[in-house]
Amino acid sequence: MTAALGPGRTVLVTGASGGLGPAVVEAFLAGGWRVVAASRSGRAERRDGLLTVAADLGDEAGVAAAVEAAAADPAAPLRALANLVGGYAAGTRLHETPVATLEAQLALNLRPTWLATRAVLPHLVAAGGGSIVNLSSVIGMVGGDEDFATHAYAASKGGVIALTRGIAVYYAPRGVRCNVICPGVIDTPMAFRSVGDPRIRARLHELQPLTGEPGLPDDVAGAVLYLAGPASRLVTGVVLPVDGGWTAK
């Protein structure tokens, strides 16, 4: 028999050990969720309300194992998925980017989101509904200039937005919501180039005029928690920028 990890409802967080992962996991725990946190580098452990599992989320078997762990507690059914897995592989301007880089970015950003969502959807439909929150980027919404001309990355993140909208439309009558968050420059290891480059950082007053500074992981975590929970019960298919005003211009 599987021991209960927490009351009420479970969320599966993929990419949980990445830059945004710890903040999102803690936000869900504070909100009373049972959390199953999956990542390639995650060390299997268990504490109150939290189970961490090591899984290759680009692999069908790894995803299946993570979903099985998330759906294992009948006292806390699987009701949400937060797809945080992804990152920046390489590549800049399209004419300088090899096909292999595009394939690497799709494998890093789009494939794991697609696999995890496909595996979780039957559980949410069977439960009468639930919520999926995907992670894209402002670069999936707007074109990047010389400082942000990462076209393979943009293609992969734009794919996450398109996938989210398709899921939202088709699965709405089945009670499943699907939304996507598009962060701007957030102070995480992945944003080291933007955060650490004095010239790009100086541009944040232009790019993210609300603060002129990088956002914090907690800024994204709050949005994830809102979209996963009942407070957003009438919200689906939304592309939510968390970007200090970048995409408002």
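Colleague: What makes the span of helix 3 close to the expected one?

Modeller: Helix 3 covers residues 99-126, and with 28 residues it reaches 40 Å from its first C-alpha to its last, which is close to the 40 Å expected at 1.5 Å a residue. After the helix comes Gly128, with a positive phi near 90 degrees.

Colleague: Which residues of helix 3 are buried, and what covers them?

Modeller: The buried residues include Thr101, Gln105, Asn109, Pro112 and Leu124. Among the elements that cover the buried residues of helix 3 are strand 1 (10-14), helix 2 (60-70), helix 4 (151-171) and strand 7 (176-183).

Colleague: Why is Cys178 called buried?

Modeller: Buried means under 20% relative accessible area, and Cys178 has 0%, so Cys178 is buried. Cys182, also at 0% relative accessibility, counts as buried by that cut-off.

Colleague: How do you know that Cys178 is too far from Cys182 for a bond?

Modeller: A disulfide needs two cysteine sulfur atoms within 2.5 Å, whereas the sulfur of Cys178 is 12 Å from the closest cysteine sulfur, in Cys182, and is therefore too far for a bond. The count of disulfides comes to zero.

Colleague: Where does pLDDT stay under 50?

Modeller: It stays under 50 over residues 1-6, for which the model has 15 contacts beyond four places in sequence. Where pLDDT is low, the predicted coordinates should not be read in detail. For the protein chain, the mean pLDDT is 91, and 92% of residues reach 70 or more.

Definitions and conventions:
Residues are numbered from 1 along each chain as its sequence is written. This is a predicted model: local features need pLDDT of at least 70, side-chain atom pairs count only at pLDDT 80 or more; totals for chains, interfaces and linings use all residues. Side-chain values use heavy atoms; hydrogens and water are left out. pLDDT is the predictor's confidence in each residue, from 0 to 100. Contact means heavy atoms within 4.5 Å. Helices (H or I, at least four residues) and strands (E, at least two) are DSSP runs, numbered from the N terminus. The expected span of a helix is 1.5 Å times one less than its number of residues. Buried means under 20% relative accessible area, exposed over 50%, partly exposed in between (1.4 Å probe, protein chains only).
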